[in-house]
Amino acid sequence: MTTTAPRDEQLWSRCDGCASLLYRKRLRRNLDVCPECGSHARLDAPDRVAQLVDPDSFTPLPERAVRVDPIGFVDALPYPHRLSAARTGTGLDEAVVCGTARVGGHPVALAVMDFRFLGGSLGCAVGELITRTAERALADATPLVLVTASGGARMQEGALSLMQMATVSQAVAGLREAGLLTVSIITDPTYGGVAASFATNTDVVLAETGARLGFAGPRVIRQVTGATLPEGFQTAEFLLRHGQVDLVVPRHALRGRLTALLAAAESGRRVPVPRQEPAPRPAAGADAPAAAPGPARDAWETVRTARHPGRPTTLDYLETAFDGFVELHGDRLGADCPAIVGGVARLDGRPVMVIGHQKGHTTAELVARNFGMASPAGHRKALRLMRLAARLRLPVVTLVDTPGADPGVAAEQQGQAAAIAENILALSVLPTPVVAVVTGEGGSGGALALAVADRVLMLEHAVYSVISPEGCAAILWPDSSAAPQAARALRLTAADLCRLGVVDEVVPEPRPAAHGDPAGAAELLGRAVTANLAPLLAVPPATLVRRRRQRFRRFGAARSAGGNPPIDAIRNGARTEVAR
Ligand SMILES: [Zn+2]
């Protein structure tokens, strides 16, 4: 917004987006977002703090910026003169305002950069103050929130300003080790050394609508490459599409989104990590009978039911069986796969990380979601969220519904096999409870990439298989029309897999199946996941991991001499017979 009069006398502002002349008070009430075009004006740090935190909750850190001029830098003006002018112009000591506050009632340590002060540049004082803020978060065991607005490192302080990228990142690493949430809120503009450190190496990266972020600025890129930059280059939407940020959030929703994330992180910390191993509890699959399956159906009919376009999807369950879903996007490496969705949500009041395949009900939705077939970027997004959940001690719930992983050329180039393999590995050592539910199609490795879990549940009319019946028929039968026979032979129904011990429990569906009563299906799913999760919460992480690995160890088949054991010997943990 362009204004001409000093601050107190401003009555009118002209919007930089649409050139409307706006009554200043009305604009302020709208958080400096133009009511005409939605353009988000830049905020200075004091205004940002006032908008973001609970009223009267902000306490500045006691530390004050020290005036430094480590290399005696002079351009047209000596650096100290520029520093003095910035101080006079902004009323701030430095380009960042740091303190502690509450957001939605949750305590945080907070550092907010101010672009007015020498372009929000990162010098030795700014780096030190943000580091002290992170150290304060560590000492108080609270999350750290960073609001960035910066042109990059402060060149007037030479290589010492470059070092600040490492200094602050180390402080972020300390919080990561301690399992404390770090969130950056990227505002316009965030570039250079700030973009390439603490703006993007936090657990969650939110971009305010209208923000731009990049390592190199557009002018530099044009100069170096001579290229014409695409429309919307480096905008928040561009960053979301390319997997660089979790969410694009309009200013009026920032507090709410932040509050939801802080609530999830706080809940993880409230759960005491048990040190004593509780008395061993029989595996539910062992004595407790699985939910009574309905009348036996033909396996091929079940395959068709599992693929029914009306069957609830992961996003449907997130709307119905869960509350307060905050979706997190992106693999941070270049893409956001639409076939996998994930984020924090509440189940029966408890925050959990939910990750699932997303299909759709219409052809357009299915195409947009690649039919629920995840790319390597999707698997890497899932991996990022699993690891985040473990750090924050949130249980993981996965909803599996995929015909299989994306079999395309690009997926192969980007390492599909290794991406799946890495997820299987990560899940087998993840130090937090994991409950997987096969809700529709559990297709091969793409399904297993989300299903190495402490408890594996399966909806009554879901299927889970090493290959699709069509694929199996094409290979082992004369032609793919033998798919119904292949479906029967593969033992891919919930009842079969429960008998084989691959699945722990069958979750009943309303009659005739989930697509006929999505709300009823959601209720049954929510109840089953809650019941299966509850006993896992009391198990120490090391025990949890050991048992999970035992669970998957028991599927092996060998004995010291002679042939294979009967299938009964390897189900329900009856490995002793095999081991002998
Ligand atoms: Zn406007």
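## Helix α15

Helix α15 covers residues 416–428, 13 residues in total. From its first C-alpha to its last, α15 reaches 19 Å. That is close to the 18 Å expected at 1.5 Å a residue. The model described here is predicted.

Which residues of α15 are buried? They are Gln-416, Ala-419, Ile-420, Asn-423, Ala-426, Leu-427 and Ser-428. An α-helix has 3.6 residues a turn, so residues three or four places apart point the same way. The buried residues of α15 pack against several elements. Among them are the helices α13 (376–391), α14 (409–413), α16 (444–448) and α21 (541–553). The buried residues also pack against β15 (434–443).

Gln-414 sits in the loop between α14 and α15.

Gln-414 is in contact with Pro-376 and Arg-380, leaving aside neighbours within four places in sequence. Ala-377 is 37 residues from Gln-414 in sequence. In space, the two are 8.2 Å apart, C-alpha to C-alpha.

## A residue in strand β14

Thr-398 belongs to strand β14, which covers residues 396–402. Its relative accessible area is 0%, so Thr-398 is buried.

What does Thr-398 touch, leaving aside its neighbours within four places in sequence? Its contacts are Ile-355, Val-435, Ala-436, Val-437 and Leu-450.

## The zinc site

A zinc ion is held by four cysteines of the protein: Cys-15, Cys-18, Cys-34 and Cys-37. Each donates through its SG atom, and the donors lie 2.3 Å from the ion. Along the chain, the donors follow the spacing C-x2-C-x15-C-x2-C.

Cys-15 lies in the loop between β1 (12–14) and β2 (21–23), and Cys-34 in the loop between α1 (24–29) and α2 (45–52), so this pair ties together parts that are 19 residues apart in sequence. Both residues are buried: Cys-15 has a relative accessible area of 3%, and Cys-34 one of 2%. Cys-34 can also be placed relative to Ala-19, 15 residues away along the chain. Their C-alpha atoms are separated by 9.8 Å.

What is the geometry of the site of the zinc ion? The site is tetrahedral, with angles of 105 to 113° among its 4 donor atoms. Ideal angles at a metal are 109.5 degrees for four tetrahedral donors.

## Two helix pairs

Two packed helices are described by the angle between their axes and the distance between the axes. Take helix α4 (residues 124–140) and helix α5 (residues 159–177). They pack at an angle of about 5°, with axes 9 Å apart. That makes α4 roughly parallel to α5. On the α4 side, the meeting residues are Cys-124, Gly-127, Glu-128, Ile-130, Thr-131, Ala-134, Ala-137 and Leu-138. On the α5 side, they are Leu-160, Gln-164, Thr-167, Val-168, Ala-171, Gly-174 and Leu-175.

The other pair is α2 and helix α9 (residues 251–270). Their axes are 9 Å apart and their angle is about 55°. That makes α2 oblique to α9. From α2, Arg-48, Gln-51 and Leu-52 take part. They meet Arg-251, Leu-254, Arg-255 and Leu-258 in α9.

Key: Residues numbered from 1 in each chain as written. Predicted model: local features only at pLDDT ≥ 70, side-chain atom pairs only at ≥ 80, totals over all residues. Heavy atoms only, no water. Donors = N, O, S within 2.8 Å, 3.2 Å for Na, K, Ca; no water. Tetrahedral: all angles 85-135°; square planar, octahedral: opposite > 155°, others 65-115°. Helix = DSSP H or I, 4+ residues; strand = E, 2+ residues; numbered from the N terminus. Buried < 20%, exposed > 50% of the residue type's maximum accessible area, 1.4 Å probe, protein only. Expected span 1.5 Å × (residues − 1). Contact = heavy atoms within 4.5 Å. Axes fitted to C-alpha atoms, helices over the stretch in contact; angles between N-to-C directions. Parallel < 35°, antiparallel > 145°, perpendicular 65-115°, else oblique.
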